[in-house]
Amino acid sequence: MTQTVGNPTHTKREDAIGPPPRRPTRVPSERYYSPKFARLETERMWPRVWQVACTVDHVAEPGDFFEYRCGAYSVLIVRGDGGELRAFQNVCRHRGNSLCSGTGTNLRELRCGYHGWTWDLDGALRRVPHRKGFGALPMSDLPLIPVAVDTWARLVFVNLDPSAMPLLEYLEEVPNDIAWCRLDEFRCYATMTVEVDANWKTIADGYSETYHIQTLHPELHRCMDDVHAPQQIWGHTGKSEQMYGVPSPQLRESSTDADVWDAYVRTQGALMGVAEDTPFPADQADGRSAADLIAERTRAFGAGRGVDLRWATDDQLLRLHQYNVFPNMTLLSNADHLTVMTSHPGPDPEHGELVMLLWMRMPPDSPRSRPADVRLTAEQAHPGLVLIQDISVLAGLQRGLRQPGFTHLVLSNEERRVINLHRNLDRYLDLPDSDRITGGESADAPDRP
Ligand code: FES
Ligand SMILES: [Fe+2]
């Protein structure tokens, strides 16, 4: 197999485990179901972190708006008349009604549906019916409450904390690390929100480690290297790299190019525009490997929709770069693939939602189209074999987590992006030592007294 190397930082053959720690990391299980812990998250964490709310494709034109809900919080994102993006807490300053819901276009002003107080798209209060009844009521005292908003890679992020650090600082190494991939050329064509019987962290943990691939995703295991999948932790963010188009080195039986091809087609054939059950084109292979042919088909699929992928090396087409951004987001990308996933708290700590933002690389001048936003139950959702497998374990995980004999999760260094979520939570929630995660010391750390 010919593998050209795309980015010199991505050539390492480190494994996913990295240096083993002295002992496992232990995470109190209570934080996955306790209402008290969820309340702490609502008070101390969610209002202070940058969160993906929607995409630029949802709010591309003046007058476009999008309501972002995360647990108790509701934020309104509005494209103003001059093209600037603004975000506000979604609350009327009279008696607290929500101003808007869902997403839409052609908004001229924000008029509360209860008594008619009205703001312009800059958030300035413009009309108060029967205003004299309030006595002295300076309009400038009651603008909509602003929320920090910024964009990166056509993702719209919001932060309820007006003194939050800038988004780019929060994202640490991520923007530079993936800059080669031209993420701005992807367009979001759909979002899928799946309601599940699981805490938002149970959902996020599923896309924060590759340890489960060998068991939960046997088909994926036949077409990706889950062993040489190096990970990095920066702070709020972390990364995993996974090579596709090759069998896992863990497979006991040897596999042929046809086996790898079949597994790739079964799990993600759509990424190269190939229908399910398309056999390995042995007659065209001419000695080339499954990976070579997958890269070639992916380039051809791009060309068919006007996207030139000749700049991308085979490595850039086959190696998945997966980023995690605290608290709830992952971004998975290669040269012709982008999926972003987030998870949100539901009505109680044992319910949540998984949101998938689905993208396609498009020619730079392609016309605008609004993403289709779909909301489904776990039973209704069919987001492809691998995600169906991921979703299928969530309710059972959540039920197990609250069994009385189970007090702690026991985590490996292979799961260090899960550990990093909990380490950040400890910090944001300012937990006492007794409630923090323990263990995971590096093997060469000095002995604790
Ligand atoms: S609650 Fe909005 S105008 Fe009264
Ligand atoms: Fe998975």
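## Largest cavity

The lining of the largest cavity in this predicted model comprises 7 nonpolar, 8 polar and 1 charged residues. In this classification Ala, Val, Leu, Ile, Met, Phe, Trp, Tyr, Cys and Pro are nonpolar, Asp, Glu, Lys and Arg are charged, and the others, Gly among them, are polar. The volume of the largest cavity is about 110 Å³, and of its 16 lining residues, N324, V325, F326, R417 and L421 are the closest to the centre. Strands β15 (237-244) and β16 (319-325) and helix α13 (416-429) each contribute at least two lining residues. Helix α13 gives the most, with 4 residues. Helices (H or I, at least four residues) and strands (E, at least two) are DSSP runs, numbered from the N terminus.

The count of cavities of 30 Å³ or more comes to 4. Rolling a probe the size of a water molecule over the atoms shows where empty space is left. On a 1 Å grid over the protein atoms alone, a cavity is a set of points where a 1.4 Å probe fits but cannot get out; a pocket is an open set with protein on both sides within 12 Å along at least five of seven lines; and lining residues have an atom within 4 Å of a point. Grid points are joined across faces, edges and corners, and a volume is the space filled by probe spheres set on the points.

## Basis of the model

Residues are numbered from 1 along each chain as its sequence is written, and chains are lettered from A and ligands numbered from 1 in the order in which they are written. The model is predicted, so that local features need pLDDT of at least 70 and side-chain atom pairs count only at pLDDT 80 or more, while totals for chains, interfaces and linings use all residues, and side-chain values use heavy atoms, with hydrogens and water left out.

## Second largest pocket

The second largest pocket holds about 640 Å³ of space. Of the 30 residues that line this pocket, R69, T193, H344, E353 and R375 are the closest to its centre. The lining divides into 12 nonpolar, 11 polar and 7 charged residues.

Six strands are named as suppliers of at least two lining residues each: β2 (51-55), β3 (65-70), β12 (186-196), β18 (337-345), β19 (352-361) and β20 (372-377). The largest share, 5 residues, comes from β3.

## Helix packing

The axes of α7 (residues 257-268) and α9 (residues 290-304) come within 9 Å and cross at roughly 40°. Axes are lines fitted to C-alpha atoms, for helices over the stretch in contact, and angles run from 0 to 180 degrees between N-to-C directions. The two helices α7 and α9 are therefore oblique to each other; angles under 35 degrees count as roughly parallel, over 145 as roughly antiparallel, 65 to 115 as roughly perpendicular and the rest as oblique. In the contact (heavy atoms within 4.5 Å), D257, V260, W261 and Y264 of α7 meet A290, L293, I294 and R297 of α9. These residues divide into 6 nonpolar, no polar and 2 charged.

The axes of α1 (residues 35-45) and α13 come within 9 Å and cross at roughly 70°. Helices α1 and α13 are therefore roughly perpendicular to each other. Residues F37, L40, E41, R44 and M45 of α1 make the contact with L425, Y428 and L429 of α13.

## Annotated span and backbone features

An unreviewed UniProt entry places the feature "domain: Rieske" at residues 50-158; UniProt positions follow the numbering used here, feature names are shortened, and annotations may be inferred rather than shown by experiment. The end C-alpha atoms of this span lie 6 Å apart, and the span is 0% helix and 39% strand.

Most residues other than glycine have a negative phi, and most peptide bonds are trans. A153, in the loop between β10 (146-152) and β11 (155-159), has a positive phi near 55°. The peptide bond from F326 to P327 is cis, with omega near 5°, and P327 lies in the loop between β16 and β17 (329-334).
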